Amino acid sequence: MWQFVGEIEYECSKCSFKDSIPVEDFNCECIGGGERSMGNENIFELSYPFECCECSNDIELTFEVSEYPVNFINFIIDKCSGAKALNEPDVEYVREIYSARDLFELYESIPELVTALKFEPELLAELDPRQFEEVTAEIFRSKGFEVELTKRTRDGGKDVIALHKDKLGIKTKYLIECKHYAEGNKVGVDVIRSLYGVKNSRNGGNVGIVVTTSTFTSGARDFVENEATTNLDLSLADRDQLIEWLEEYKES
Ligand SMILES: [Zn+2]
């Protein structure tokens, strides 16, 4: 799909006054077309009638545009009157997004990727591990955390670092480990234990969180309940929790 963009510069043919009109202000109408050998042709008319602000001359900036074959601009005819157009409308190709799947494939920013997942959580399975880290970071960012993605080289199992400042100005540092696992592949206690170790090290953090597209083994849950110093030290976010966060997600 495409759209008209840019500005049309014109020069009044009576007083030579120059100015420009954004193409988005023009009326755009399909005025005809028909079946041709390579499919449909559509003829559009872009027009903007007004009076010259210097001499009140009647000006009509008009262009006839042929789209043929579909999605291609075949030609543009200048039909302006009362002024000379100094350029033609520009054409910009735009993404055609009709579904979460399209957005997932054509996203241009991480917030768009998260939005696709919000509407179609099944697509979580198709993320690569780095995208999953970026999605997780974006979820925390949207909830007011200051986030940092750690480099690809592993430094002791933390993918995202999130800082949260509470109402008293006190900061809490969250170390977030992202595990993009297939649904049946549960995150085991080893992952939790090693994150716990990093959290408790110098330059560690206050809370460790493991976020997964899967679930956790009972051993992993047991570690949080019984082996960590308190069960507030570690938090396990499974697929259901993740989907809940996605549902709450608002681009900000
Ligand atoms: Zn004029």
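Residues are classed as buried under 20% relative accessible area, exposed over 50% and partly exposed in between, with a 1.4 Å probe and protein chains only. The model is predicted, so local features need pLDDT of at least 70 and side-chain atom pairs count only at pLDDT 80 or more, whereas totals for chains, interfaces and linings use all residues. Residues are numbered from 1 along each chain as its sequence is written, and side-chain values use heavy atoms, with hydrogens and water left out.

The zinc ion has the protein donors Cys12 (SG), Cys15 (SG), Cys52 (SG) and Cys55 (SG), at 2.3 to 2.4 Å. Donors are N, O and S atoms within 2.8 Å of the metal (3.2 Å for Na, K and Ca); water is not among the atoms, so sites may look incomplete. Along the chain the donors of the zinc ion follow the spacing C-x2-C-x36-C-x2-C. Distant parts of the chain are linked by the pair Cys12, in strand β2 (residues 7–12), and Cys52, in the loop between β5 (39–51) and β6 (58–67), 40 residues apart. Helices (H or I, at least four residues) and strands (E, at least two) are DSSP runs, numbered from the N terminus. Cys12 is buried at a relative accessible area of 1%, and Cys52 is buried at 2%.

Lys143 lies in the loop between α3 (129–142) and β10 (146–149) and is partly exposed, with 41% relative accessibility. The side chains of Lys143 and Glu248 are joined by a polar contact of 2.4 Å (a pair of N or O atoms within 3.5 Å; within protein, one must be able to donate a hydrogen and the other to accept it, and residues adjacent in sequence count only if both atoms are side-chain atoms).
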